[in-house]
Amino acid sequence: MGRSTKLRDLIGAIKDKASLSRAALLSKPNTLSLHLSLLRATTHEPSIPPHDKHIAALLSFGNSSRATASAVIEALMDRLQNTHDASVAIKCLIAVHHIIRRGSFILQDQLSIYPSTGGRNYLKLSGFRDSSDPITWELSSWVRWYSCYLEHVLSTSRVLGFFLCSSLSTVNKDEEVEQVSALTNQQLIREIASLVDVIEETYKAPDSLHVHGDRLLSEVMNLVGDDYLSAINEVSLRINEFGERLRALSFGESVELMCALKRLENCKERSSIQPHRKKASMETFWGLVSEMKDRVGKEYREDARMVMIGRRERECESARWGERVLKSSDSVRFGSGRLVSNRFAFSILESVES
């Protein structure tokens, strides 16, 4: 295993040098530095995450024109789609994750609309396989999960109207509360459900024997862990808002909110992603979820009881109306044989004739 790993590392280093040389020869002068920065941030070197200076260099192109930002996203996605190396694919996805977290507005905007013509989903890597050796085969499962996870983050960001965990989205607490309070019940429920999608996806990370010793996978989990805390904070804000307007919810909204809270509570026992440094905060959060679930359940049962009472009252009213129609004093004699053939109508007619 050690000899094959060294051979893979050597081949990877050769590929990186060849890629840099090819980029220097074939790239246009105005995009050369961009392609070189991308290649340095997404090397074949396994188990080592992209150096922060290389990520920063790549992100710096987002401070230029929109055309340059578009070229960055296009080059990154081409690199991701064309590679068959698991380490390169994960590093491309890490670069995407850093754009979501630290990228400029126009860089994030180009990522959110890419490809601008619609069509192909460039983060769909469900068929990715690197069968070079057992380690790369295992890393392939991480590529498939990580790309799917980032899809969920982008989808949720579209629902929220801002990038989850982005430094550009940071506002003070009062402004956040004010923004959330302006949302309708349906908007709040939709945002909570979408945030729960991200939280649920974090728990689908592959079980790996190498994650604790692999710096590349540790970098992935650190980024995902930060997203997890951001998602928890966003859900907390919305749950607190529902606490202020719980009695104003319709029966259908109570059902939708209860479903989202149950999905969320199902995540409580899974500890693979929950950051231990925030243990006290997490306990407070799960207590908030449980309390809100109980309150919504109480309102739900009360609403259900009122619905049943209303239904019974309508049924009783209908029965009373039927009784009034069948009173002999209100009956009229019909010449039609259809009414006479009915035994109830026949008895009514007898009463009228007598």
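Residues are called buried when their relative accessible area is under 20%, exposed when it is over 50%, and partly exposed in between (1.4 Å probe, protein chains only). Helices are DSSP runs (H or I, at least four residues), numbered from the N terminus. The model is predicted, so that local features need pLDDT of at least 70 and side-chain atom pairs count only at pLDDT 80 or more, while totals for chains, interfaces and linings use all residues. Residues are numbered from 1 along each chain as its sequence is written, and side-chain values use heavy atoms, with hydrogens and water left out.

Helix α4 covers residues 66-82. Its 17 residues should span 24 Å at 1.5 Å a residue, and the end C-alpha atoms are 24 Å apart, which agrees; the expected span is 1.5 Å times one less than the number of residues. Buried residues of α4 include Ala69, Val72, Ile73, Leu76 and Leu80, and also Arg79 and Gln81. An α-helix has 3.6 residues a turn, so residues three or four places apart point the same way. The cover over the buried residues of α4 includes α2 (32-41), α3 (52-60), α5 (86-102) and α6, where contact means heavy atoms within 4.5 Å.

Two packed helices are described by the angle between their axes and the distance between the axes. For α2 and α3, the axes come within 9 Å and cross at roughly 150°. Here axes are lines fitted to C-alpha atoms, for helices over the stretch in contact, and angles run from 0 to 180 degrees between N-to-C directions. In this contact, Leu34, Ser37, Leu38, Arg40 and Ala41 of α2 meet His54, Ile55, Ala57 and Leu58 of α3. By class, six nonpolar, two polar and one charged residues take part; Ala, Val, Leu, Ile, Met, Phe, Trp, Tyr, Cys and Pro count as nonpolar, Asp, Glu, Lys and Arg as charged, and the others, Gly among them, as polar.

The loop between α2 and α3 holds Ser47. Most residues other than glycine have a negative phi. Ser47, although not a glycine, has a positive phi of about 70°, and its relative accessible area of 33% makes Ser47 partly exposed. A positive phi of about 70° is also found at Cys165, likewise not a glycine, which is placed in the loop between α7 (134-160) and α8 (173-181).

Gln108, in helix α6 (residues 105-113), counts as buried because its relative accessibility is 4%. Beyond residues up to four places away in sequence, Gln108 touches Ile99, Ile100, Arg101, Gly103, Phe163, Ser166 and Leu168. The side chains of Gln108 and Ser166 are joined by a polar contact of 3.0 Å. A polar contact is a pair of N or O atoms within 3.5 Å; within protein, one must be able to donate a hydrogen and the other to accept it, and residues adjacent in sequence count only if both atoms are side-chain atoms.

Glu191 lies in helix α9 (residues 185-202) and is buried, at 6% relative accessibility. Apart from neighbours within four places in sequence, its contacts are Val159, Leu160, Leu183 and Arg238. The side chain of Glu191 makes a polar contact of 2.6 Å with that of Arg238. Between Glu191 and Val159, 32 residues apart in sequence, the C-alpha separation is 6.4 Å.

Definitions and conventions. Helices (H or I, at least four residues) and strands (E, at least two) are DSSP runs, numbered from the N terminus.
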